[in-house]
Amino acid sequence: MLVYKYIIKLILLTDNGKFRSAYIFPIAGVFIGCFIIFMILSIMNSMEYQIEDRLQSFHYKYYLDDSDEIVNNDDFIKGSTTLGYINHDSQILVRIYSIDNFDNYLSNKISNYIIDFDKNISNADIIIGDNLAELLKVELGDTIYLNFPESMNVVTNIIPKEAFRIAAIYDIDFLKYDTNTIITSYQNELIINNHTF
């Protein structure tokens with residue numbers, strides 16, 4: 001212990017026993033630099049968690065089977081993505097995520113980002129972003145019509161159109177999900193893809 005005290009005195013004090021004032025800035029610089037690095041790492045870790053959490057809310061990786069065990073296998077994921085558009089002042093192109101086990105998805109994945117929620121949500125309802133709701137001037141419980149160009153009948157040129165009730169509004173503030181993404185149950189996707197003319 002005495003050796004450490006002697007080394008510290010040798011570094012910080014002159015031969016006369018006075019503090020070396022020339023060391024104030026380098027020592028302060030070391031402490032300030034360490035603090036800045038620590039703060040940057042803390043901010044980056046927090047940002048990484050936020051980005052990863054928001055991405056995983058939309059890209060549902062896990063599927064719960066009957067035994068309630070989480071299986072991380074792409075073969076067990078049930079869901080799909082469809083393009084659609086909404087006729088408004090201009091046509092708004094949206095991506096529709098259809099997810100199986102919709103209730104589980106709502107309670108375990110996206111619940112942190114829901115800002116308005118209807119307790120009577122069903123598999124026939126949709127969830128939209130707050131920016132899209134503001135753009136369309138719609139609220140919880142309103143109905144919007146989605147057109148599905150991917151299911152268009154090329155013979156008759158008829159594009160399927162379905163009405164959906166808004167049961168929840170989310171605010172994720174990541175990429176453009178709040179403006180161009182709609183989430184619904186996989187049962188709705190089956191209806192969308194099975195139009196008959």
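Predicted model: local features only at pLDDT ≥ 70, side-chain atom pairs only at ≥ 80, totals over all residues.

Q: Where in the chain do Asp-118 and Arg-165 lie?

A: Asp-118 sits in the loop between strand E5 (114-117) and strand E6 (126-129), while Arg-165 belongs to strand E8, 47 residues apart.

Q: How many salt bridges does the structure hold?

A: There are two. In the other, Arg-165 pairs with Asp-125, and the closest N and O atoms are 2.8 Å apart. Arg-165 lies in strand E8 and Asp-125 in the loop between E5 and E6, so this pair ties together parts that are 40 residues apart in sequence. Through shared partners, Asp-118, Asp-125 and Arg-165 form one network.

Q: Is Asp-125 buried or exposed?

A: Buried counts as under 20% relative accessible area. Asp-125 has 4%, so Asp-125 is buried. Asp-118, at 17%, is buried too, whereas Arg-165, at 24%, is partly exposed.

Q: What should I know about nonpolar side chains?

A: In soluble globular proteins, they tend to be buried together. Here the largest nonpolar core has 18 residues; among those touching the most other members are Phe-58, Ile-110 and Tyr-170. A second, separate core has 17 residues, including Leu-136 and Phe-148.

Q: Which residues of helix H2 are buried?

A: They are Asp-53, Arg-54, Ser-57 and Phe-58. Their cover includes E4, H3 and E8. Helix H2 itself runs over residues 24-58 and reaches 52 Å from its first C-alpha to its last, close to the expected 51 Å.

Conventions. Residues numbered from 1 in each chain as written. Heavy atoms only, no water. Core = buried A, V, L, I, M, F, W, Y, C linked by side-chain atoms within 4.5 Å. Buried < 20%, exposed > 50% of the residue type's maximum accessible area, 1.4 Å probe, protein only. Helix = DSSP H or I, 4+ residues; strand = E, 2+ residues; numbered from the N terminus. Expected span 1.5 Å × (residues − 1). Contact = heavy atoms within 4.5 Å. Salt bridge = Lys/Arg side-chain N within 4 Å of Asp/Glu carboxyl O.
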